[in-house]
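Please open the model in your viewer and keep the sequence panel beside it.

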Amino acid sequence: MKRRAAGRTVPVLTVCLAILAIWYLAAIGLNWQTESQKLANAGPPSTYEVIAATWSAQRPVLPAPHQIVAELWKTVFDVKPTSPRSLIFHAWVTLSSTLLGFALGSALGILLAVGILFSNTLDKSLMPWIITSQTIPILAIAPMIIVVLNSVGVQGLLPKAFISTYLSFFPVTVGMVKGLRAPDRMLTDLMHTYSASPLQTLVKLRFPASLPFLFTSMKVAVAASLVGAIVGELPTGAVAGLGARLLAGSYYGQTIQIWSALVMASLMAAVLVWLVGLCERAALMRQGQRP
């Protein structure tokens, strides 16, 4: 117990319990008026009855945590994964565009970082535009991207993947530029003394030194890529994906469905970040570095 208290277990559990307590209290406050009015039609309700009703409403303003867990269980385990009612089905649709966008964004970010490293012109001309591009709200640019791509016959997975690419390339670019410039001047001078070419210096010195920066940036990028995939599903009228699930829930006032989709997206993001962390640990251990 002392070891757990000194580590992460007790602090994480404490925060989780605090969040649950606040969540249940918030559900009571937000659902109180609606549920008390419903119960008042059958007579004056007691406080206990109203509280129980706020935690079991069919269309609550804020669902209680156990309602979301029940919805997740029903849509994950009680239906076939290939069914349109399954959250696994919708999560896979979103995940496919997320992974494609993340791969494209990471590749684009690394290429831009290498170009900025070797070209002072690109550094001064391209980097400000890369930063400026992230000031445009994704909700504003996503419909434009989809309309333009649809006009040239690009539909389906690629438009959503390009939106994910737009969000994910930026952290990778910035992180890789910092990582490629991380080696000490003495090390670069040593490579120059050994008559190493710029490509050899990049492969043998700069790229290995940039791995911690790269994987840290990729953790941010993969989460941003998931957000881009969900946002990309909103203006397309998609019938599959977590974004489509959110739209359907908002159309019909199914707040429990909306929150279950949000929780599923959060779980997906956590798993993706964890997987990137595993790759980071393996890569650093292979180089003999301490992860």
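Colour the chain by relative accessibility to begin with: buried residues make up 40% of its 291 residues, where buried means under 20% relative accessible area, exposed means over 50% and partly exposed lies in between, with a 1.4 Å probe and protein chains only. This is a predicted model, in which local features need pLDDT of at least 70 and side-chain atom pairs count only at pLDDT 80 or more, while totals for chains, interfaces and linings use all residues. Residues are numbered from 1 along each chain as its sequence is written, and side-chain values use heavy atoms, with hydrogens and water left out.

**The whole chain**

Switch to a cartoon view, and the secondary structure comes to twelve helices and zero strands; helices (H or I, at least four residues) and strands (E, at least two) are DSSP runs, numbered from the N terminus. The radius of gyration is 24 Å, well over the 19 Å that the globule rule gives for 291 residues, so the chain is more spread out than a compact globule. That radius is taken over C-alpha atoms, and the globule rule is 2.2 Å times the number of residues to the power 0.38.

**Charged side chains**

Select the charged side chains, of which 21 are positive and 9 negative, the centres of the two sets lying 7 Å apart. Lys and Arg count as positive and Asp and Glu as negative, whereas His and the chain ends are not counted; the place of a charge is taken as NZ of Lys, CZ of Arg, CG of Asp or CD of Glu. A search of the whole structure finds six salt bridges, a salt bridge being a side-chain nitrogen of Lys or Arg within 4 Å of a carboxyl oxygen of Asp or Glu.

Start with Glu35 and Lys38, whose closest N and O atoms are 3.7 Å apart in a salt bridge. Both residues belong to helix H2 (residues 9-40), three residues apart, about one turn of the helix, and Glu35 counts as buried at 8% relative accessibility.

Move to Lys74 and Glu71, which form a salt bridge with their closest N and O atoms 3.4 Å apart. Because they are three residues apart in helix H4 (residues 65-76), about one helical turn separates them. Glu71 is buried at 13% relative accessibility, whereas Lys74 is partly exposed at 44%.

Go on to helix H12 (residues 255-286), where Leu278 is found, partly exposed with a relative accessible area of 39%. A distance drawn from its C-alpha atom to that of Lys74, 204 residues away along the chain, reads 31 Å. Glu280 is also in helix H12, but counts as buried at 13% relative accessibility; leaving aside residues up to four places away in sequence, Glu280 touches Pro212, Phe215, Thr216 and Lys219.

Select Ser133 in helix H6 (residues 120-133), a buried residue with a relative accessible area of 15%. With residues up to four places away in sequence not counted, Ser133 touches Tyr166 and Phe169.

Is Ser195, the last stop, buried or exposed? Ser195 sits in the loop between helix H9 (185-193) and H10 and counts as exposed, at 63% relative accessibility. Its C-alpha atom is 27 Å from that of Phe213, a residue 18 places away in sequence.

Note on methods
Contact means heavy atoms within 4.5 Å.
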